[in-house]
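Morning, everyone. Please have the viewer open while I talk.

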Protein chains: 2
Amino acid sequence: MIKTIGFDADDTLWHNETIFVATHGRLCELLSVYHDADKVDATLNATEHRNLARYGYGIKSFALSAIETAIELSDAQVSAEEIRRIIALAHDMLDHPVEILDGVPETVSSLAGDYHLIVITKGDLRDQSRKYQLSDLDPHFAELEVVTEKDPDTYARILQRHRVNPAEFLMVGNSIKSDILPVLDIGGHAAHVPYQHTWVLDKTDRQPGGPRYHALDSIADLPGLLHRLAS
Amino acid sequence: MIKTIGFDADDTLWHNETIFVATHGRLCELLSVYHDADKVDATLNATEHRNLARYGYGIKSFALSAIETAIELSDAQVSAEEIRRIIALAHDMLDHPVEILDGVPETVSSLAGDYHLIVITKGDLRDQSRKYQLSDLDPHFAELEVVTEKDPDTYARILQRHRVNPAEFLMVGNSIKSDILPVLDIGGHAAHVPYQHTWVLDKTDRQPGGPRYHALDSIADLPGLLHRLAS
C-alpha cells in the first residue's frame, strides 16, 4: 500500500536541535553581562520569529538574529570581540559533525530495497546538502528535497513531481507541525517519531489523529508499521 | 532539436549584481573611517572567498562576511551601531524589489508554448524562491531548481531528473563559469547573454567555444537562435 517514504532530516535522521540548544546556552553565557538567560532566550526567539519571513531557516539566519539580539540587549554596547565570538559559535555549528540518530542506518537500509525513499527537509540548502552528503545515508535515498516551508502545497508539489499518490505516501518526522499535519491534510500517511527537544517556532497546538496518523516510539518501529499497513 | 531550455536567474532574468555593487559601495562608505574603498573591497572579497565552502552563496552569507570584514579592518574597534547598519544593508537587499531585465518577459512567454522551461540558479533557497515568486515569470516555468553549485555533475543530475537528453538542452545565462562551461562539458548547448557586472568569485579564465556555444547580445536574440538551431 505504501510505496514512497519521505524522511524529515533534522532530529529525525540526525541530531540538530541539541546543537542549537547547546549554542543557545553558550550565547546566554556570552551575553550574561547584559541580561539573564531567560531574557536572552526570549529576545532571541522574538528576533528569530520577526526575521523568519526575511531570512528563512538555518544557521546563518540564527547567527544574524543572534547578533541583532546582542546589539539590542546591550543597548548597542556589545563589543566587536563579542560579535566575533557569536560568529565563531555559528561557524562551530556549520562545521559540526553529523550525528546520526540511533536505529536510523539499519532502518533506512532495510527499507531501501522495498520502498522509494526521499528526504524532505526545510532549512538552508548549503547546510542540509552538506549534512546529507556527510551522513553516508544518501545512497539509500532517491532524492534530497530542501524546501522553504513544509506546508500542504509544498508536499503536494513534491508528490506530484515524483508521481506519487498521497494515499501511497508515508512521511516520517519529529515535528507535528511540519512533518505530520500537512501530510495528513493532503491525504497521506504520517508517522511521528518524537525527539527530545522541539524548537519553539516549530510547536503547534493542533493534535493529529485519524487512521492515517501513526505514533511511534522509535524509528526502529517503522518496518513493523509498514508491515501492518501492508497486511 | 532543442526541447528544454534552462534559464539562469540572477543577472539573466533579473538584476542582482548591480544591487551587490551598490551595497559594496555603501559598505565601503560606512567603513571609510577605518580604510579606503580598495582595501575594504579586497578584504571583503577575500573573506567571502574563505567563507564560501562554509556559507554557500547569497545575501546572508554576504552579511556575515561583511561583519567579519568590519571587525577585521577596524582591529575590533567597529561599534555595535556600525554592525547594526551592516545588517540593515542586508535587510535592504533581502527586501529589494525584483527588477526584471529588458526583453525577458516577452522572450520567456513567447518560448513557453514550444519548449519546456526551467530556472536553474545557485544561491540561497529562501531568497531565490522569493524572487521567483515576485517575478511574475513563474507561470511560464515548469520548475525552479536552486542548487549549491553549478558544476557538470549538478547539471547532469537535473537533466536526468527531468528526463532530458543533454543534446536537446540549451542553458541561457550571463556566467561563463556557471552557466556555459559546465553545460558544454556534459554535451549540452549554452547561450551566453552578457551582464554589465560579473562577481569576482564568478570569473574564469577558460574560454567557451565549439558548435554548441552561442554568444548572444541580448536575451531577445534567443528565439532567433532557436529558429536557426531547428532548421
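First, the ground rules. This is a predicted model: local features need pLDDT of at least 70, side-chain atom pairs count only at pLDDT 80 or more, and totals for chains, interfaces and linings use all residues. Residues are numbered from 1 along each chain as its sequence is written, while chains are lettered from A and ligands numbered from 1 in the order in which they are written.

Helices (H or I, at least four residues) and strands (E, at least two) are DSSP runs, numbered from the N terminus. Two strands pair if DSSP finds at least two bridges between them.

Now the sheet. In chain B, six strands make an open sheet, ordered E3-E2-E1-E4-E5-E6, with parallel pairing. E3 and E6 (213-215) of chain B are the edges; each has a single partner strand, so one side of each lacks a neighbour in the sheet. From one strand to the next, the twist averages 20 degrees. Axes here are lines fitted to C-alpha atoms, for helices over the stretch in contact, and angles run from 0 to 180 degrees between N-to-C directions.

E5(B), residues 189-192, runs parallel to E6(B), joined by three bridges. His192(B) has Ala215(B) in E6(B) as its bridge partner.

H6(B) packs on the sheet and touches E2 and E3 of chain B; its direction makes about 155 degrees with that of E3(B). Contact means C-beta atoms, placed from the backbone, within 7 Å.

Five bridges pair E2(B), residues 116-122, with E3(B), residues 143-147, in the parallel sense. Lys122(B) has Val147(B) as its bridge partner in E3(B). With H6(B), residues 125-134, these strands make a right-handed β-α-β unit. Right-handed means that, with the strands pointing away from the viewer, the path from the first strand over the helix to the second runs clockwise.

Next, chain A. How do the axes of H3(A) and H4(A) cross? They come within 10 Å and cross at roughly 160 degrees; H3(A) is residues 59-73, H4(A) residues 80-94. That makes the two helices roughly antiparallel (over 145 degrees; under 35 is roughly parallel, 65 to 115 roughly perpendicular, the rest oblique).

Last, the interface. 26 residues of chain A contact 26 residues of chain B. On the chain A side, H2 (37-55), H3, H4 and H6 (125-134) each supply at least two residues.

Note on methods:
Two residues are in contact if their C-beta atoms, placed from the backbone, lie within 7 Å.
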